[in-house]
Amino acid sequence: MLMKKFFKFKNFKYFFLVFISACIENAPLDSLSPEGPYARSIDELFWLTFWIAVIIFVLVQGVLLISVFIFREKPNKPEPKQIHGNTKLEIIWTVIPVLILAFIAVPTVRTIFDLAREPEDALKIEVIGHQWWFEYKYPDYGITTANVLVIPSDTPIRLEMWSNDVLHNYWVPKLNGKRYLVPGQKTYLNLQADNPDEFWAQCGEYCGLSHSKMRGRVISLSESDFDSWIKIQQQNAIKLEDGSLAAEGQTVYLNAGCTQCHVINGVWDTQGDRIAPNLTHFATRTVFAGASLENNEENLTNWLANPAKIKPGTFMPNLELTEAEINALIAYLGTLK
């Protein structure tokens, strides 16, 4: 009856979709495809524990099946001898699980300490969680950016993290495990990418309406490309006064209310923390809106027209911009490189 209801109400298709999702190759949030030493150590521990569990499962189920068939009830057979209260057996099947857990605990504890240890000569980056986006600060270079964390490949990275509002969780599956971002408390996470590549990140702790859209990107660059990126990010934006469409967009930025939350170094510098991303080099980012949207003209148009429709609960207000103002503002954002 239950199976009939299961298929009758078309629930099977959802079950099937979940099942086949396990077959996806090159999934961006696949934690079983490590691309760095920290993720690899977690992966190695996982597979060690997994195969130990498989062996134990096969042995236990094998003994259970053998017992079912050999010692099953037969006519004219006396009742089997009862073993309840047998001290030796009680000790044996208590000691065996303890030894198994102790065997698993050794590599587990070692891996935990290795992951927590601060690497030598690591690049330190601050990660601040907001509803619903990640902010990144490079104290050694005086850089602030958002949504896209850029790191040099084959270099240890030490993230110092906290939250500006509620509990968040930073997770880059291919580079390391999850780590909480806690209001008023600092936590730490090590990252390292083997090669230049792009990796997806995701908030792993429910934090409000747009939790599922609190995403991120980690881009690893070669050492020379990273140095070039740093030099670009350290430059201020240039004030436009040439009467172009982009210059009109700069005026929109300065007068429409954008400056209440967003900073553009060299154009609108303010003191203190802001509740929205720094836009100084917005055009160099591949994504925006908590890394939930690709950085292109179509998405920017929809976002500026009605942010809450794209990202429920967002703190970015609908500024009631006209089509002309939106076009000008997009042109201006495209100059912020």
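At what angle do the axes of H3 and H4 cross? Before you select them, note that this is a predicted model, where local features need pLDDT of at least 70, side-chain atom pairs count only at pLDDT 80 or more, and totals for chains, interfaces and linings use all residues. Residues are numbered from 1 along each chain as its sequence is written, and side-chain values use heavy atoms, with hydrogens and water left out.

**Stop one: a helix pair.** Select H3 (37-70) and H4 (residues 87-116). Helices (H or I, at least four residues) and strands (E, at least two) are DSSP runs, numbered from the N terminus. The two axes come within 10 Å and cross at roughly 170°; axes are lines fitted to C-alpha atoms, for helices over the stretch in contact, and angles run from 0 to 180 degrees between N-to-C directions. H3 and H4 are therefore roughly antiparallel, the word for angles over 145 degrees. Show the side chains in the contact (heavy atoms within 4.5 Å): among them are Leu45 and Ile52 of H3, plus Phe103 and Pro107 of H4. The contact residues split into 11 nonpolar, four polar and no charged. Here Ala, Val, Leu, Ile, Met, Phe, Trp, Tyr, Cys and Pro count as nonpolar, Asp, Glu, Lys and Arg as charged, and the others, Gly among them, as polar.

**Stop two: Asp30.** Step back to the loop between H2 (12-21) and H3, where Asp30 sits. A polar atom of the Asp30 side chain is 2.9 Å from the backbone nitrogen of Leu32. Leaving aside neighbours within four places in sequence, Asp30 touches Pro173 and Lys174.

Most residues other than glycine have a negative phi, and most peptide bonds are trans. Zoom in on Gln131 and Trp132, which are joined by a cis peptide bond, with omega about 0°. Trp132 belongs to the loop between S1 (123-130) and S2 (133-138). Then jump to Ala291, whose phi is positive, near 60°; its loop runs between S11 (287-288) and S12 (293-294).

**Last stop: H7 and H9.** Colour H7 (297-305) and H9 (323-333): each supplies at least two residues of the lining of the largest pocket. H7 gives the largest share, three residues.

Key:
Polar contact = N/O pair within 3.5 Å; in protein donor to acceptor, adjacent residues only side chain to side chain. Parallel < 35°, antiparallel > 145°, perpendicular 65-115°, else oblique.
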